[in-house]
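Hi,

Here is the structure I promised to pass on.

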Amino acid sequence: MPPKSDSVEGIVLGFVNEQNRPLNSQNVADALQKFNLKKTAVQKALDALADSGQISFKEYGKQKIYIARQDQFDIPNGEELEEMKKANAKLQEELADQKKAINEVESEVRGLQSNLTLVEIKSKETKLQSEVQEMEEKLGKLRSGVILVKPEDKKIIEDSFAEKVNQWKKRKRMFKELWDSITENSPKDLKEFKEELGLEYDEDVGVNLQSYSDMLASLNKRRKISR
């Protein structure tokens, strides 16, 4: 007579039949911890079920392996297996279609989430209108001939810029002459020697003297034209 489903033997029998694969007592005890069953109780239930013929078992040395009785399951014939394969293939296709549909919906949701809300659109519109008004005010001053920088201040800035660029050129030239003299007969790799001394070229820090020289040339050209 089958044990009650809520008894220890009933819980163990139900698990073994459900798994329908080789199990040892530790496997069963680990899986049934949620029922607060001790390994001793599980082992006792397995042995009782095996003795009564409700489950099968094999002994491998000191270990027993338990498995559900196979005669209780309906084993499909070849034709039924083929039908099951077709049904499974159809289900797989339906699953793939469902996943594709889910991905499309999720993509659409992400697209909607990335769009601005009405409140955000109005806030951005207000900010842009403010920026446009500010730019129009500046443009109006320029069109009206308002001088934003005094000529004397402009000359001081330009003279300072020219002096610094010329000093830069001069020091760069002096360094090159000195460096060439020091490293002329040096057996060391120049790149490694430079790193050893902790030297940095303009290019190492993303600066290009030529671009500033071009600006200075353009400045001098404008000055000559304005005279």
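Which feature does UniProt place at residues 8-68? The record, an unreviewed entry, gives "domain: Homologous-pairing protein 2 winged helix" there; UniProt positions are in the numbering used here, feature names are shortened, and annotations may be inferred rather than shown by experiment.

Before going further, a word on how to read my notes. This is a predicted model, where local features need pLDDT of at least 70 and side-chain atom pairs count only at pLDDT 80 or more, while totals for chains, interfaces and linings use all residues. Residues are numbered from 1 along each chain as its sequence is written, and side-chain values use heavy atoms, with hydrogens and water left out.

**The annotated stretch**

Over residues 8-68 the chain is 52% helix and 20% strand, and the end C-alpha atoms lie 16 Å apart. Helices (H or I, at least four residues) and strands (E, at least two) are DSSP runs, numbered from the N terminus.

The largest nonpolar core has 18 residues, and Val12, Val16, Val28, Leu32, Val42, Leu46 and Ile55 have the most contacts inside it. At least two residues of this core come from each of helix 1, helix 2, helix 3 and strand 2 (63-68). By nonpolar core I mean a set of buried Ala, Val, Leu, Ile, Met, Phe, Trp, Tyr and Cys residues joined through side-chain atoms within 4.5 Å. Buried is under 20% relative accessible area, exposed is over 50%, and partly exposed is in between (1.4 Å probe, protein chains only).

Val42 is in contact (heavy atoms within 4.5 Å) with Ser25, Val28, Ala29 and Leu37, leaving aside neighbours within four places in sequence.

Most residues other than glycine have a negative phi. Asn20, in the loop between helix 1 (8-19) and helix 2 (25-31), has a positive phi near 50°. Asn36 sits in the loop between helix 2 and helix 3 (39-51), and its phi is also positive, at about 60°. Asn20 is partly exposed because its relative accessible area is 32%, whereas Asn36 counts as exposed at 69%.

Trp179 has a relative accessibility of 9%. Leaving out residues up to four places away in sequence, Trp179 touches Leu190, Phe193, Lys194, Leu197, Leu199 and Tyr201. Trp179 and Lys194 are 15 residues apart in sequence and 9.9 Å apart in space, C-alpha to C-alpha.

Thr183 also has a relative accessible area of 9%. The side chain of Thr183 reaches the backbone oxygen of Trp179 at 2.7 Å. Beyond its neighbours within four places in sequence, Thr183 is in contact with Leu190 and Phe193.

**One buried aspartate**

Is Asp202 buried or exposed? Asp202 counts as buried because its relative accessibility is 17%, although its place is in the loop between helix 7 (190-197) and helix 8 (209-226). Not counting residues up to four places away, Asp202 touches Trp168, Lys172, Val207 and Leu209.

Best wishes

Methods. Polar contact = N/O pair within 3.5 Å; in protein donor to acceptor, adjacent residues only side chain to side chain.
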